[in-house]
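My plan is to start with the overall fold and then look at single residues.

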Amino acid sequence: MSLLLTLLIAGIALLLAEVFLPGMVAGVLGVVCLLGVAVVGFAEFGPKVGSLILMTELVAGTILTALWMRYFPKTPFGKKYILRSEEHTSELQSRQYLV
């Protein structure tokens with residue numbers, strides 16, 4: 001049980017760290033940890049609990065990804081990291097003479 005909780009906390013922490021760390025390494029390790037939680041659930045508690053853990057991770061991951069994509073760009077932190085289309089368009093128009 002402690003391995004399951006450790007992998008779950010590590011996976012969530014690594015996925016959150018992916019915002020600050022470039023290169024997708026933390027994100028991939030976070031997903032591997034979360035898949036490890038499902039594997040440990042299958043091994044320690046059987047197929048019912050393992051399937052429940054896996055389905056919960058998939059549903060929660062889908063919902064949280066959709067919420068992240070909707071609300072993160074509107075936060076002050078997200079505005080610093082995401083290029084807006086009107087800024088990009090105006091930059092392209094100002095450099096039109098290069099084409």
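Below are my notes, topic by topic.

**Ground rules.** I am working with a predicted model, where local features need pLDDT of at least 70, side-chain atom pairs count only at pLDDT 80 or more, and totals for chains, interfaces and linings use all residues. Residues are numbered from 1 along each chain as its sequence is written, and side-chain values use heavy atoms, with hydrogens and water left out.

**Confidence.** I looked up pLDDT, the predictor's confidence in each residue, from 0 to 100. The chain has a mean of 88, and 85% of its residues reach 70 or more.

**Fold.** I found five helices and zero strands. Both are DSSP runs numbered from the N terminus: helices are H or I with at least four residues, strands E with at least two. Along the sequence the pattern reads α-α-α-α-α.

**Burial and contacts.** I use "buried" for under 20% relative accessible area, "exposed" for over 50% and "partly exposed" for in between, with a 1.4 Å probe and protein chains only. Of the 99 residues in the chain, 19% are buried. Contact means heavy atoms within 4.5 Å. Taking contacts between residues at least 6 apart in sequence, I note that 31% join residues at least 24 apart.

**Helix α2.** How many residues does α2 have, and how far does it reach? It has 21 residues and spans 30 Å from its first C-alpha to its last, close to the 30 Å expected at 1.5 Å a residue. That expected span is 1.5 Å times one less than the number of residues. Its buried residues include Gly-30, Cys-33, Leu-34 and Gly-36. The cover over the buried residues of α2 includes α1 and α3 (47-71). Just after α2, I spotted Gly-46 with a positive phi of about 95°.

**Core.** Which residues make up the largest nonpolar core? A nonpolar core is a set of buried Ala, Val, Leu, Ile, Met, Phe, Trp, Tyr and Cys residues joined through side-chain atoms within 4.5 Å. Here it has five residues: Leu-4, Val-37, Ala-38, Val-40 and Ile-53. The largest share of this core, three residues, comes from α2. I also checked Ala-38: not counting residues up to four places away in sequence, it touches Gly-50, Ile-53, Leu-54 and Glu-57.

**Met-1.** This residue sits in the segment before α1 (2-17). Met-1 is exposed because its relative accessible area is 55%. Leaving aside neighbours within four places in sequence, Met-1 is in contact with Glu-44 and Phe-45. The C-alpha atoms of Met-1 and Glu-44 are separated by 8.0 Å, although the two are 43 residues apart along the chain.

**Aromatics.** Searching the whole structure gave four aromatic pairs. Rings of Phe, Tyr and Trp (its six-membered ring) pair if their centres lie within 6.5 Å; planes under 30 degrees apart count as stacked, over 60 as edge-to-face and the rest as tilted. Trp-68 and Phe-72 are stacked, at 4.3 Å centre to centre and 10° between the planes. Why is the pair of Phe-72 and Phe-77 edge-to-face? Their planes stand at 70°, with centres 6.1 Å apart, so edge-to-face is the label. Phe-72 counts as buried because its relative accessibility is 14%, whereas Trp-68 at 42% is partly exposed. Phe-77, at 31%, is partly exposed. Ring pairs link Phe-20, Trp-68, Phe-72, Phe-77 and Tyr-81 into a cluster.
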